[in-house]
Amino acid sequence: MIDDQDERLLQDELDGVASPEGSKRLRERLAQSAEVRARRQELQRVTRALDQVRMEEAPADFKEGVMAAIAAAERPSPARTGWLENPGSAFRRRPVLAWAYPFLAGAVSGGLLIALATGNLAPRARTDLPVIGAMLPGSDRGALADHRELRLGTARVALETRRATDGVRVGFEVAQARGAELTLEFDIAALQPVGLWWERPGEHQAELGAGTLRLRVTEDDRGTVVLSPTRAGDALILVKFHHAGESVEAVLHTATLGPGR
Amino acid sequence: MTAEDEETLVLRSLAGDQRAFGELVSTHQQVLFNVALRMLNDREDARDVTQTAFLKAWQKLHTYDRRNKFFSWIYRILLNEALNTLRQRRRLEPLDERMASPERSPEERAEVNELGGIVQEGLMELGTEHRQMIILRHFLHLSHREMANLINLPEKTVKSRLYTGRQLLGGILRRRGVRTT
């Protein structure tokens with residue numbers, strides 16, 4: 001009978017990561033069990049079969065194709081250390097932002113207070129009602145701007161940004177991530193939160209701060225955050241996904257591919 | 001190419017130097033093309049996906065965090081593109097039907113009869129998560145830790161998925177009569 005420990009010992013040995021104790025234990029098991037020996041042979045067969053798959057050359061004109069596409073595309077923006085790396089620096093470099101910040105933060109917090117007072121930020125059954133003051137029309141999903149999938153173990157969240165008539169829509173779908181926290185960070189000078197929509201009723205929690213929307217997920221669900229852009233062009237959203245003590249993050253663009261992105 | 005060389009090429013690319021980016025393409029094209037090929041089992045799709053990954057890398061280079069390896073970053077772009085292609089393909093044509101289709105050309109049959117073709121078809125029967133682990137370990141020859149860093153997963157999760165993938169692939173190859181001695 002092969003159990004999980006036998007399987008792990010065999011595969012550790014195959015990958016050269018077996019501990020001395022593990023190797024000793026495996027030798028004992030190999031001497032004891034014909035099944036373990038047969039299993040080892042099968043794993044070795046798999047490895048040998050994989051070894052016989054050749055690395056292939058990229059097509060001869062591959063690089064030329066890439067360079068032609070690049071030549072036709074927009075040049076990349078110069079390196080920058082923007083608000084995503086250091087939010088404070090944006091305010092130091094742009095005094096007007098520093099002046100406007102308390103007003104924007106106040107407006108956002110006011111919206112949040114109203115939402116909390118009316119219960120609009122609380123999770124709700126599927127509805128087209130707004131969360132903070134704006135409708136979420138279902139017919140206009142908008143043009144896809146970016147998408148990402150973040151994983152932590154089996155927990156995962158798929159995200160996409162779309163440019164719709166009502167603003168930037170950030171769609172998300174969380175799976176196998178009970179207790180996970182999903183945080184969106186954005187430049188409030190470029191994007192202002194308008195609405196949050198969950199597909200299913202539940203106990204999800206949402207916390208809106210200045211430039212931050214933190215969602216705590218209590219069950220698999222999907223939803224949409226709507227952000228209103230205050231200026232043209234691409235604005236980045238930093239997404240952080242926390243689950244079971246680990247975290248991963250990614251950046252989402254909000255402008256569709258084309259000049260300027 | 002050393003990490004410093006690569007850093008220099010990235011900085012020159014950020015300044016708009018297409019030749020510098022071309023050197024990054026030359027360095028990584030074969031490995032990335034092979035990852036896409038093993039994920040998708042179609043040379044044309046693999047070519048499209050890999051070229052798109054390089055184009056997106058060029059366009060989004062200003063978002064690349066230089067504390068990480070350039071390969072790790074572009075690998076994730078490539079993987080996203082490959083998974084999108086697989087999703088689109090599933091919508092158009094169920095994979096199981098494709099695999100079971102008796103309508104193969106003589107060239108396809110000859111290819112499948114080779115061990116490499118059988119292994120590739122076996123890989124396509126795995127889920128994308130397990131397939132990715134096999135590709136990283138057996139074609140890119142990455143260690144468990146390198147795999148974990150590349151795909152942002154705990155090493156324990158990587159090992160678990162790799163081991164399961166190999167178990168599943170073993171069963172598939174056995175079913176297909178592979179007897180490599």
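**Stop one: chain A as a whole**

Select chain A to begin: of its 261 residues, 31% are buried. Keep in mind that you are looking at a predicted model. Switch to a cartoon view and you can pick out 6 helices and 10 strands in chain A. Among the contacts in chain A between residues at least 6 apart in sequence, 58% join residues at least 24 apart.

**Stop two: a helix in chain B**

Now go to chain B and select residues 3–14, which form helix α1. Next, color B:Leu9, B:Val10, B:Ser13 and B:Leu14, the buried residues of α1(B). Look down the helix axis: the buried residues of α1(B) fall within an arc of 140°, so they line one face. Why would that happen? An α-helix has 3.6 residues a turn, so residues three or four places apart point the same way. Turn to the other side of α1(B) for B:Glu4 and B:Asp5, which are exposed. Just past α1(B), click on B:Gly16, where phi is positive at about 100°.

**Stop three: where two chains meet**

Show α3(A), residues 34–51, together with α10(B), residues 155–175. How do they cross? Their axes come within 9 Å and cross at roughly 85°, so α3(A) and α10(B) are roughly perpendicular to each other. Display side chains on A:Glu42, A:Leu43, A:Val46 and A:Ala49, which meet B:Arg166, B:Leu169, B:Gly170, B:Leu173 and B:Arg174.

How values were computed:
Residues numbered from 1 in each chain as written. Chains lettered and ligands numbered in written order. Predicted model: local features only at pLDDT ≥ 70, side-chain atom pairs only at ≥ 80, totals over all residues. Helix = DSSP H or I, 4+ residues; strand = E, 2+ residues; numbered from the N terminus. Expected span 1.5 Å × (residues − 1). Buried ≥ 20, exposed ≤ 12 C-beta atoms within 10 Å, placed from the backbone. Arc of directions from axis to C-beta. Contact = placed C-beta atoms within 7 Å. Axes fitted to C-alpha atoms, helices over the stretch in contact; angles between N-to-C directions. Parallel < 35°, antiparallel > 145°, perpendicular 65-115°, else oblique.
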